[in-house]
Each structure stands twice: as C-alpha cells, then as structure tokens.
Amino acid sequence: MKNTPHIAVLDDEPDITELLAGYLQGHGFRVSQVHEGRALTALMETDPADLVLLDLGLPGEDGFTIARRMRESWRCGLIIVTGRGDAVDKVVGLEVGADDYVTKPFDLRELVARVKAVLRRLAPATPAPVANQPASAGKLRFAGWQLDTGSRSLRNPQGESVVLTGGEFDLLHVFTLHPGRVLSRDFLLEQTRGREATPFDRTIDVQVGRLRKKIETDADDPQLIRSVRGAGYMLVPPVSHG
C-alpha cells in the first residue's frame, strides 16, 4: 500500500463524486472521480486505485457487473455506496466481492472510517488479529494451497495466483491458524472484523461461500471448509508452516 492511498469514486452524479472527493482529500487521500464503468477500467489500467467507492445505480452497465469485473482483474478494496438498502442487494454485493456496503444517505465521517478499515485489512503489514496465537508471518500450506501472510496472497496447487479480497484473505488466514477446529460464526467475525463489525457483518456465511468458490473443486460439495450444523465451520486439511 502506498503512503498516500488512492481512492476511486464511481458515481454518475458529479455532485456526489465532487463531495466525496473533497472530503476524502481533506483526510489525506488521493482521489480520482469517474462516472462510468469504462472510465474506471481505464483508470485501473493506468493508475490503479487502492480502493473503489462504487455506486450501483449507474446508467448502462450495472454496478454489480462492474464489481465482478473488478474482482476478476484487480486486487483492491471495494465499498459499494448506493441508495439500494434492500437486504437482497446487500447480500449480492458481498457475494460479488464487496468489502463493505454503505447505503445513502450516509455520514461522511462513518464512510471515511469504513474506508480506513478496509485499507487496514488490505495492508500487508497488518494480518488479521487472532487471539492467543503466535505471530504467523510466512507461508501456510494446506491441501496443495499456499497462503503467504507477508504478501497477503494465495496460490493454488498449480502455483497460480488466486485473487482474494481483504476480507476473504483474513477469513482464510483465521481458518489456517485453527485447522481441524470448529469455528463459530461469532468467532470468525470477531477475528476478521473485531470492533469494526456491524450486525450485517454476521452474514459470515456469504463470505465463506465466496471463499469456497475460489478454493473448492465443487463449492456445492466443499471438502476443504466444511459446515458443522449449528456450530460453524472447520478447515479440514492439516496446515504446515514455512
């Protein structure tokens, strides 16, 4: 992460992007304003943002489609900022890879706090806090997969890089520190979000589902991260260090 984080604000209303840009700049961020998906793509190819604030109600290309393309192409923070407050939209937002979901109208101070929280989770020097566990910098291996806590990256058994969101990395990191143990939803939430958690964050099931789609051969019949009815989830394979 660069010393001055770069934030991209995508909204089709210039008044909103200008408002957000001015406020974020006042808090030390570098901000780019874009108003359509193609402009965001061009920006990410030339001057990648560390985090994108994405509106869903865009003319032409749907915001969810843009979010999916982001997750396929770039590793950055993603916060959906939209007037859609329906619970279904929130769940879909998480499923396509958003790190957070903020509904309009919102408090600018709260939005900045959420931006900082996502950036902290993306920072390589700040692994997810895990209670009563020793420092775990290095490589964690399970079932042929390799999780690098230093670079916050994941490679599959073929050695190929797999893009994870900040939240997905933190969640998998917690699982690798507790292999063979059933972890409750509350425990997973506390370890990945801590005091930043909100009641909506209790949809930890959605985050596990997203992670399974990336590491399981068949996400509908998971063999690595198993569900334990009424208790939580468990990483099945053993984990080695180094």
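Helix α1 comprises 13 residues (residues 14-26), and at 1.5 Å a residue these should span 18 Å; the end C-alpha atoms are 18 Å apart, which agrees. The expected span is taken as 1.5 Å times one less than the number of residues in the helix. Helices (H or I, at least four residues) and strands (E, at least two) are DSSP runs, numbered from the N terminus. The structure is a predicted model, in which local features need pLDDT of at least 70 and side-chain atom pairs count only at pLDDT 80 or more, while totals for chains, interfaces and linings use all residues. Residues are numbered from 1 along each chain as its sequence is written, and side-chain values use heavy atoms, with hydrogens and water left out.

The buried residues of α1 are Ile16, Thr17, Leu20, Ala21 and Leu24. These residues cover an arc of only 125° around the axis, which puts them on the same side of α1; the arc is that of the directions from the helix axis to the C-beta atoms. On the other side of α1, Asp15, Leu19 and Gly26 are exposed. Here buried means under 20% relative accessible area, exposed means over 50%, and partly exposed lies in between (1.4 Å probe, protein chains only). The cover over the buried residues of α1 includes β1 (6-10), β2 (30-34), β3 (51-54) and α5 (108-122). Glycine 28, which follows α1, has a positive phi near 90°.

Strand β1 is largely enclosed by the rest of the structure, because five of its five residues are buried. In a regular strand the side chains alternate between the two faces of the sheet. Both faces of β1 are covered, with His6, Ala8 and Leu10 buried on one side and Ile7 and Val9 buried on the other. Two strands are said to pair if DSSP finds at least two bridges between them. Strands β1 and β2 run parallel and are joined by five bridges, and valine 9 stands opposite glutamine 33 in β2. The chain passes from β1 through α1 to β2 in a right-handed β-α-β crossover; a crossover is right-handed if, with the strands pointing away from the viewer, the path from the first strand over the helix to the second runs clockwise. Strand β1 also runs parallel to β3, to which four bridges join it, and leucine 53 is the bridge partner of valine 9 in β3.

Aspartate 55 lies in the loop between β3 and α3 (63-73). An unreviewed UniProt entry lists Asp55 for "modified residue: 4-aspartylphosphate"; such annotations may be inferred rather than shown by experiment, and UniProt positions are given in the numbering used here, with feature names shortened. Aspartate 55 is buried, with a relative accessible area of 6%. Leaving aside neighbours within four places in sequence, aspartate 55 is in contact (heavy atoms within 4.5 Å) with Leu10, Asp11, Asp12, Gly63, Val81, Thr82 and Lys104.

Arginine 226 has methionine 234 as its bridge partner in β12. The hairpin of β11 and β12 has three residues between the strands, and glycine 230 takes a positive phi near 75°. Strand β12 (residues 232-235) also pairs with β10 (residues 182-183) in the antiparallel sense over two bridges, with tyrosine 233 as the bridge partner of leucine 183.

The protein chain as a whole has eight helices and 13 strands. Of its 242 residues, 49% count as buried.
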